[in-house]
Amino acid sequence: MLAVTGIGELLTLAPDGDVLGVHHDATVVITDGKVAFAGPAREAPALPSDALRIDARGALCTPGLVEPHAHPIFAGSRAGEFDLRARGATYGEIQAAGGGILATVRATSAATDEELVASTLARLDRLLDHGVTVCEAKTGYSLDVDGELRLLRLLGEVKRRHAIDLSPTLLAHVPPPDCSSGEERRGFVERFRAEAILAAARAGAEAFDVYCDAGAFTLDETRALLGAARASGLALRVHAEQFTNTGAADLAAAMGARSVEHLEQIAPPAIAALARAGTVCNLLPGAALTLRLPWPDARRLVDAGCAVALGTDLNPGSSLTESLPLMMSLACMQMGLGCAEAWRAVTVQAARSVGRGDAGRLVAGARGDLVLWDAGDHREVAQHFGVNLARTVVVGGQVVRGG
Ligand SMILES: [Zn+2]
């Protein structure tokens, strides 16, 4: 048993409470990896003398954060590309200098399994340092069928070796560079449907994601791939409306996708369709910041009744960060979310997006994941940006960071 006492402010995210389920002077008790009690200290059960106790000394206590969108398995560095972009280089100039996704694909295929597992574990360590206890993780930096299945297998190994609960996703990122003719493209999509998606479902993937945009997969290709994934029992995700409006968000809503990603260029009819479908909108401020894209309009989505989550989009090109609290800061500063909405976006809403109904809340029966912060008020975590305020991280009742 683990008992956290002396909590100055507790966010339970209880469905029957106020929007965040706030309690002051609170206690959390975790037994057998699950929350047994979370609420006012005066209502807490008597603790046995052998219970492990943590005195929070007035700190903020929240559920473990849920990362709903990450590309954590890759090799190589694109720091040179970052510098070129910072100095105003165009996309074409970056490609000509050997940058872009294909640079990561080359480095990833050259890396050994051990190197990829080690670097992915290090990224998960940094996510955990910032309070993340559940993380969606996509393949996507091989492009061909065998290579993507290799990355999926390595994600399975990472999952077995790390405290974070990983939710693996097979990603159809972009067609490989040798698919230049229409016939080659059709052949590739057919192979991905018939081989990769079927094998992914057997290899532990929980979801399938496809990047639908100019330069990636077309709307028709996206529809065909999603149909195969749905038939294989995988949850559906779609990278939609990032650079151009393709209609992918409408398609995702119509096909019952669990989430849509990015949405910088989304149009109003699709917003209404996503709200009706209950598809979670995973907004990724790190990519908008890095690429100087317009900010996703979180305010408009929330006001239209959409479920909005925030992700880091951790990847080597357009969002190299493991800080979900920084995404909360950007959402509050640039995307129109209030602090309570930003907290919901990285807890209950993100948990829905990852299919973890027992995460993102501190209520009886939920998983015993929590974070103590160097803050006394939940609003400070978004306000105080660019530093890590996560002090203690607990996963399944075990203290895995701090103490
Ligand atoms: Zn992404």
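Guide: Two strands pair if DSSP finds at least two bridges between them. Strands (E, at least two residues) and helices (H or I, at least four) are DSSP runs, numbered from the N terminus. Residue numbers start from 1 along each chain as its sequence is written. The model is predicted: local features need pLDDT of at least 70, side-chain atom pairs count only at pLDDT 80 or more, and totals for chains, interfaces and linings use all residues.

Start at strand 5. Strand 5 and strand 14 (residues 370-373) are antiparallel partners, joined by four bridges. Here P63 faces L370 of strand 14. Strand 5 (residues 60-63) also pairs with strand 1 (residues 2-11), this time in the parallel sense and over two bridges.

Strand 1 runs antiparallel to strand 2 (residues 22-31), with seven bridges between them. V4 has V28 in strand 2 as its bridge partner. Strand 2 then pairs with strand 3 (residues 34-40), again in the antiparallel sense, over six bridges. T27 is bridged to G39 in strand 3. Strand 2 and strand 3 make a hairpin, with two residues between them. In that turn, D32 has a positive phi of about 50 degrees.

Now the division of the protein. Domain 1 takes two stretches, 2-64 and 360-401, and domain 2 covers 65-353; the bounds come from an automatic or database domain assignment. Taken over C-alpha atoms, the centres of the two domains are 30 Å apart. Domain 1 brings 23 residues to the contact, and domain 2 brings 24 residues. Contact here means C-beta atoms, placed from the backbone, within 7 Å. On the domain 1 side, the elements that give two or more residues are helix 15 (378-383), strand 15 (390-395) and strand 16 (398-401). Helix 15 gives the most to that side, with four residues. The domain 1 side divides into 14 nonpolar, five polar and four charged residues. For these classes, Ala, Val, Leu, Ile, Met, Phe, Trp, Tyr, Cys and Pro are nonpolar, Asp, Glu, Lys and Arg are charged, and the others, Gly among them, are polar.

Axes are lines fitted to C-alpha atoms, for helices over the stretch in contact, with angles from 0 to 180 degrees between N-to-C directions.

Look at one pair within the sheet. Strand 7 (residues 132-138) is parallel to strand 8 (residues 165-172), and five bridges link them. E136 has S167 in strand 8 as its bridge partner.

The axes of helix 5 and helix 6 (residues 182-202) come within 10 Å and cross at roughly 15 degrees. The two are therefore roughly parallel (under 35 degrees; over 145 is roughly antiparallel, 65 to 115 roughly perpendicular, the rest oblique). Their crossing is right-handed (the near helix is turned clockwise from the far one by less than a right angle; anticlockwise is left-handed). In helix 5, V145, E148, L149 and L152 meet R191, F192, E195, A196, A199 and A200 of helix 6. That contact counts seven nonpolar, no polar and three charged residues.

Helix 4 (residues 113-129) also approaches helix 5: the axes come within 10 Å and cross at roughly 50 degrees. That makes helix 4 oblique to helix 5. This crossing is right-handed. D113, L116, V117, T120, L121 and L124 of helix 4 meet L154, E157, V158 and R161 of helix 5. The contact holds six nonpolar, one polar and three charged residues.

How values were computed. Two residues are in contact if their C-beta atoms, placed from the backbone, lie within 7 Å.
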